[in-house]
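I opened this notebook to keep track of what I look up in one structure, entry by entry. Each entry takes up one part and notes the terms I needed for it.

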Amino acid sequence: MKILVTGGLGFIGSHTVVELQNQGFDVVIIDDLSNSSEDVLKGITAITNKTPEFEKLDLREKAKVQEFFKKHQDISGVIHFAASKAVGESVGNPLLYYENNINTLVYLLQELQQKSEASFIFSSSCTVYGQAEVMPITENASIQTAMSPYGNTKQIGEEIITDTAKVTNINAILLRYFNPIGAHPSAEIGELPLGVPQNLVPFITQTGFGLRQELSVFGGDYPTPDGTCIRDYIHVVDLAKAHVIAMQRLLEKKNLEKIEIFNLGTGTGSSVLEVIHSFEKVSGQKLPYKIVPRREGDVISAYANTDKANNVLGWTAQSTLDQAIESAWKWEQKVRS
Ligand SMILES: NC(=O)c1ccc[n+]([C@@H]2O[C@H](COP(=O)([O-])OP(=O)(O)OC[C@H]3O[C@@H](n4cnc5c(N)ncnc54)[C@H](O)[C@@H]3O)[C@@H](O)[C@H]2O)c1
Ligand SMILES: O=c1ccn([C@@H]2O[C@H](COP(=O)(O)OP(=O)(O)O[C@H]3O[C@H](CO)[C@H](O)[C@H](O)[C@H]3O)[C@@H](O)[C@H]2O)c(=O)[nH]1
């Protein structure tokens, strides 16, 4: 069976392509290389001994999307990763985010609704919960007003898919990721942030490598045990495996609802200082850091209740924080060597 992976050369997409191919799926990737490189194909091939089909295509070009689906009639399912994802950038350039994250979704769904049946997986985010009142966060927690245009595109995206699935032959799974980190253990693929990383783990590994002078820890006076924010850091390979299981569920259709939502996290919260200590442990070196004022828009704490994914998908994250950080560190060293 052939699966279309949009954004399949990006961070989470590339790891998912590997796991799909490992499970025997054929894959065709659409990516416009706006935040990735064609070299990622080599990394995927080195791990799986199989090169996925690749079409360089900007999903904002509706006519090209239509043409693509005419050419590829044999697609059984779609995993839609392609999007812009920098929260800060979305505040400064909201229309870029609404165009790239919403228009592209609409164009894909317009093609899929013409099929007799279609299976669709959407990359959503725990950002939809904002600062949830109860930890760990279940899928029933209320959706909060989005704190950025990026976050809003995830909420609107979920609504568009839900409205469409109700009245079409599309079955969809919305996956709400907590904080994906790490890299493939082979270090053939990983995260490649452009410029100065905004996310914690790439900033830590770059600082460890000497590319950055020191890490700024945003806030040391939060109402948490050590004063720093708490997140649920999930190894990207675990996350990727969940997509394969979700796709198998869509294709098998056993007890499937038209729209299903799953949290993807480990279920464990880690503070920023705990992540730093994990890095120091796996790298055997001290990390220079200082506590600075809070970053605007950060929630204090967010970690997942993963019961639904555990019970319905039969999926559980396997990697520890140390293993995820170790893979990120190995990747950083490989990329810079
Ligand atoms: N990484 C995270 O922390 C995180 C958390 C929650 C949700 N998500 C979501 O998961 C998805 C994947 O995230 P990622 O971290 O792998 O991001 P990424 O930037 O590494 O990957 C996205 C890929 O999509 C491609 N792309 C972007 N716009 C495109 C377009 N118009 N046409 C074709 N290709 C296009 C990019 O070139 C890139 O390769 C995104 O939808 C993101 O919003 C990510
Ligand atoms: O240089 C840094 C970078 C981050 N942090 C802290 O590290 C934690 C994690 O920050 P990230 O930026 O890595 O991740 P976020 O939880 O802020 O954001 C992630 O989760 C969001 C949902 O909450 C969105 O989905 C977003 O795309 C995704 O990057 C936060 O407490 C943040 O304040 C620092 O202290 N210093």
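I began with the shell around ligand 2, to which helix H7 (200–209) and strand S8 (215–218) each supply at least two residues. Helices (H or I, at least four residues) and strands (E, at least two) are DSSP runs, numbered from the N terminus. The largest share of this shell, four residues, comes from S8. I noted that the model is a predicted one, in which local features need pLDDT of at least 70 and side-chain atom pairs count only at pLDDT 80 or more, while totals for chains, interfaces and linings use all residues. Residues are numbered from 1 along each chain as its sequence is written, and chains are lettered from A and ligands numbered from 1 in the order in which they are written.

How many residues surround ligand 2? I found 20, and the closest are Thr127, Asn199, Leu200, Phe218 and Cys229; a residue is near a molecule if its C-beta atom, placed from the backbone, lies within 6 Å of it. By class, the shell around ligand 2 holds 10 nonpolar, six polar and four charged residues, where Ala, Val, Leu, Ile, Met, Phe, Trp, Tyr, Cys and Pro count as nonpolar, Asp, Glu, Lys and Arg as charged, and the others, Gly among them, as polar.

Next I looked up the domains, whose bounds come from an automatic or database domain assignment. Domain 1 covers 2–181 + 235–265 + 306–317, and domain 2 covers 200–230 + 268–303 + 324–336. Their centres, taken over C-alpha atoms, are separated by 27 Å. The contact takes 14 residues from domain 1 and 10 residues from domain 2, with two residues counted as in contact if their C-beta atoms, placed from the backbone, lie within 7 Å. On the side of domain 1 that touches domain 2 I noted nine nonpolar, five polar and no charged residues. Because domain 1 and domain 2 both give residues to the shell around ligand 2, this ligand lies between them.

I then turned to ligand 1, where Gly7, Gly10, Ser36, Ala83 and Ser123 come nearest of the 27 residues around it. Helix H1 (11–22), strand S2 (26–31), helix H5 (94–112) and strand S5 (118–125) each supply at least two residues of the shell, and H1 gives the most, with three residues. By class, the shell around ligand 1 has 11 nonpolar, 11 polar and five charged residues.

My next entry is on sheets. Strands of a sheet pair through backbone hydrogen bonds, either parallel or antiparallel. Two strands count as paired if DSSP finds at least two bridges between them. Seven strands form an open sheet with parallel pairing, in the order S3-S2-S1-S4-S5-S6-S11. Its edge strands are S3 (53–56) and S11 (259–264), each of which pairs on one side only. Within this sheet, five bridges join S1 (residues 2–6) to S4 (residues 75–80), and the bridge partner of Leu4 in S4 is Val78.

I also found an open sheet of three strands, in the order S12-S9-S14, with mixed pairing. Strands S12 (270–271) and S14 (301–302) stand at the edges with a single partner strand each, so one side of each is left without a neighbour in the sheet. S9 (residues 230–231) and S14 pair in the parallel sense over two bridges, and Arg231 stands opposite Ala302 in S14.
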